[in-house]
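Here is a short report on one protein chain. Look at the sequence and the 3D view first, then read on.

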Amino acid sequence: GRHPEVLLVEEGGQPVAAVPLMRWKERQRGMPVRRLALLECPDTPFIDVLLGGPARPVAVALVEHLAARRDWDVASLQKLPAASPILKELEAVIPGRLPWRRAEASVAPYLAIAGSWDAFWKGTSQRFKKTCRNIQNRLERAGTVRIEEHHAIDVDGPLFAELLDLSRRSWKGDRGVAIATMPNMHAFFASLTRRAAARGWLALWTLRLDGALVAMEYQLRHAGRVNALRADFDPALREVSPGSALSF
């Protein structure tokens, strides 16, 4: 029941910004509410307006547009990064035009890694080392283990088909969040994979047991940062922890 729309902001006949939105109806405290919000995926930590010029005139145009509309009760410009130019300008423009408040900020945690593997391993506890060895031993007793890293994938080829199949069978599959079952997610990941591979961003890690794909992690890498977008493993092999083995 959510309807997407995109606001295109133009100046002198040239596009200078695009604002992806969605609108829907819901009930809040028993009252019907018409909501307008930035178009988002629940797993996405940040969203921003696409700017092709200065942020101030775009913020002014957006606020004027919202003030003139009569098809919403609550607008949520959520998940804008703290450093977003449009956020700063919106907070300067909105007062006096619309009633507003800044909601609580969210924190997207990340792990910063520095130093060598040997230094890290020496600093871990004996219990952690034992756990890692147990995971490796269980997996190796189950069959021949092979770990690969791919930087380019043919989305029409067998590896991509294996990824979709693993996603369908994964521990997330029965929750409706598998790549193969979420609406339009197959096409999205196919397009993302082509673009990421072309720009050198893609790092797909796979773990095979006796040749069969049993765990994967889909990463994007850029400017020294690694973002793990997706991780799946075969729940039929849960007892040998293929996902933990691949992470290790």
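This is a predicted model: local features need pLDDT of at least 70, side-chain atom pairs count only at pLDDT 80 or more; totals for chains, interfaces and linings use all residues.

Residues are numbered from 1 along the chain as its sequence is written, and side-chain values use heavy atoms, without hydrogens and water.

**The whole chain**

| Property | Value |
|---|---|
| Radius of gyration (over C-alpha atoms) | 23 Å |
| C-alpha box along the principal axes | roughly 65 × 45 × 40 Å |

The chain has seven helices and nine strands. These are DSSP runs: H or I of at least four residues for helices, E of at least two for strands, numbered from the N terminus. Buried residues make up 36% of the chain. Buried means under 20% relative accessible area (1.4 Å probe, protein chains only).

**Helix 2**

Which residues of helix 2 are buried? They are Ile 86, Leu 87, Glu 89, Leu 90 and Val 93. They pack against strand 4 (50-51) and helix 1 (55-68).

**Glu 148**

Glu 148 sits in strand 6 (residues 145-150). Its relative accessible area is 19%, so Glu 148 counts as buried. Leaving aside neighbours within four places in sequence, Glu 148 is in contact (heavy atoms within 4.5 Å) with Leu 204, Trp 205, Thr 206 and Arg 208.

Note on methods
Buried means under 20% relative accessible area, exposed over 50%, partly exposed in between (1.4 Å probe, protein chains only). The radius of gyration is taken over C-alpha atoms; the globule rule is 2.2 Å times the number of residues to the power 0.38.
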